[in-house]
Structure formats: structure tokens, C-alpha cells
Amino acid sequence: MLSTQQLWPPMQAWCWVSCVGLYSGYAMGCIQSISCKSKVFRESISVIEVKASIDPIPTSIDESSSVVLRYRTPHFRASAQVLVPPIPKKETWIVGWIQACSHMEFYNHYGDQGMSSWELPDLLEGKIQAISDSDGVNYPWYGNTTETCTIVGPTKKESKFNISMNDNFYPSVTWAVPVSESNVAKLTSIHRDQSFTTWLVATNTATNEMVTLQTIKWRMRLGIEVNPSRPLGQRAKLQEPSAQEQPQVLSKNEPIPPSALVKPNANDAQVLMWRPKDGPPLVVIPPKHR
């Protein structure tokens, strides 16, 4: 969801379920019936089917603008069919997708003058493991349309539903050096490499208890070579890879880092730097969140 413009721009209780399991009976050693029922309910939430893919098409390049180069990557897509057992009491559960960025390289090179770089400072400095890729409104969820489903109890029957999400990059990169008053094209190459983890999660809205149902890892890479001396429309050429690696649906879930559940999201935390060949770096666009 990292929107782009150049221009691309506590949870109180944790319960990690490391397998997608069906109802398995009461846990041994469970004394209090309420906690027993709660545990059985959590373990009875099941994923019938999960799919994850990246469209098998190359990144497209658009040179229609004399100011910016645009490109559009293929979409990452994830969908799941989920079965939630009857909810015995008055409580609300949300099942949906949470996504975080764990690595980002986004460099736009301008020959011997330097490069611009979109950066996530806390991630780059190792202060956090990953940063939220929420839509910026419905934390911690990636979105609140097809990406989540809300079940309000009590319910007498099980609930079966599908939830889905998709993500891609559609940035604009200036032909000219972003800190220059000149509009002469100097862009020579673009390099981008980002990694994401996407979790399918069920959350109790009253207790903030979370159950991780599925973990997906995916990566988007691209390289574009540019000859700024050529006529507009003939400057850019897509380099490898022409097709992306397909996502991995993990057999064992990974825990969600706390930073992936709270503000800021990647869009609000990113900063555009100009890093010249000679001289100190310069902030071109500061982060929205400080």
C-alpha cells in the first residue's frame, strides 16, 4: 500500500496460533469453564482455503509526462475463506489482513550527480523490525472493505466468509534532479526492492486478544534503466526481474511485531532524501508523522 509520489509518495493480550486447525476438543488441565470455552473458540477458528500470488506480468512503464516517469508493478493478491464457530456471548470479532514492510530500498539515480532515496528511518536504523502498512485510518488493518469481516455475537450458527486484499506500486519519479531548479532530464536508473509480511488475524475487539491464522511473505523487486538523452517515450527500459517471485504461505506462523500494529504507517513515516555524490544529504520531503 505504500503510496508513492516523487513523487510516490497495545494490544493487551496475545495468542499466537501456529497452525490453522479445526476444533480439537477441550484442553487438558482447563479448570474454569469460561476460559476453557474461550480457548476452544479460539482454536476453532479455521482457514478453509488461503491463496496468495503476484500477477505474472512485468512492470509497465509510462513516459507520457515530460515531468515524471511513472511505472506500475504487478499486484500482490491474497484471499482466504474463513470459518468462525458460533459466538456464545455478546462480543465482537474482526477477521482481516494486517501487513507490514520489513525492508525497503528505493533509489532513483541521477548519473554522477547523486540519487534520491525514499527511506523509513526507524526501519533503516534497526529500531523496529517492521512498519505498519495500514491504510492509515483503520489501524492495524490493511483496509476495511474486502480486507476485513466483522462478526457480532452472540451467534447461533457458524460464519463462513471470504476476505481479500491486493497491493502494488504506482509511483512517479522526476526526470530532473529533485533539488534542482532545472527541468533537464538527468534520471539514469531506478532500483526498488521491498519485502512484506502479511498476516491473517482474528481479533476480539473488547479484549484485544489476537489469533494469528496465517502468515504470508512476499517481495517486490524492479530495476529500470534510463537514457535521459533519448526522446521522451524511448528513455526507459525494464531490467530484471521481468516476473516477480511468488509469495510464500508459511507452514508456521510468525509473531506480529508491535510496530506493525500502531502508528505511524509506512506512508506517513517515509522521507525523501537527496544524497549527492559530494556534500551532505538533504531532506527533500520530510515524514508526515514526527
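## Terms and basis

Buried means a relative accessible area under 20%, exposed means over 50%, and partly exposed lies in between, with a 1.4 Å probe and protein chains only. This is a predicted model, in which local features need pLDDT of at least 70 and side-chain atom pairs count only at pLDDT 80 or more, while totals for chains, interfaces and linings use all residues. Residues are numbered from 1 along each chain as its sequence is written, and side-chain values use heavy atoms, with hydrogens and water left out.

## Salt bridges and the pair Arg-77 and Asp-55

A salt bridge is a side-chain nitrogen of Lys or Arg within 4 Å of a carboxyl oxygen of Asp or Glu, and by this rule the count is eight. One of them joins Arg-77 to Asp-55, with 3.0 Å between the closest N and O atoms. Arg-77 lies in strand S5 (residues 76-84) and Asp-55 in the loop between strand S2 (46-54) and strand S3 (60-62), so the bridge ties together parts 22 residues apart in sequence; strands (E, at least two residues) are DSSP runs, numbered from the N terminus. Arg-77 is partly exposed at 36% relative accessible area, whereas Asp-55 is buried at 17%.

## The pair Asp-193 and Arg-219

Asp-193 and Arg-219 also meet through their side chains in a salt bridge, at 2.7 Å from N to O. Asp-193 belongs to strand S12 (residues 189-204) and Arg-219 to strand S13 (residues 210-226), so that distant parts of the chain, 26 residues apart, are linked. Asp-193 is buried, with 9% relative accessibility, and Arg-219 is partly exposed, with 30%. Through salt bridges that share partners, Asp-193, Arg-219, Arg-221 and Glu-245 form one network.

Technical notes
Helix = DSSP H or I, 4+ residues; strand = E, 2+ residues; numbered from the N terminus.
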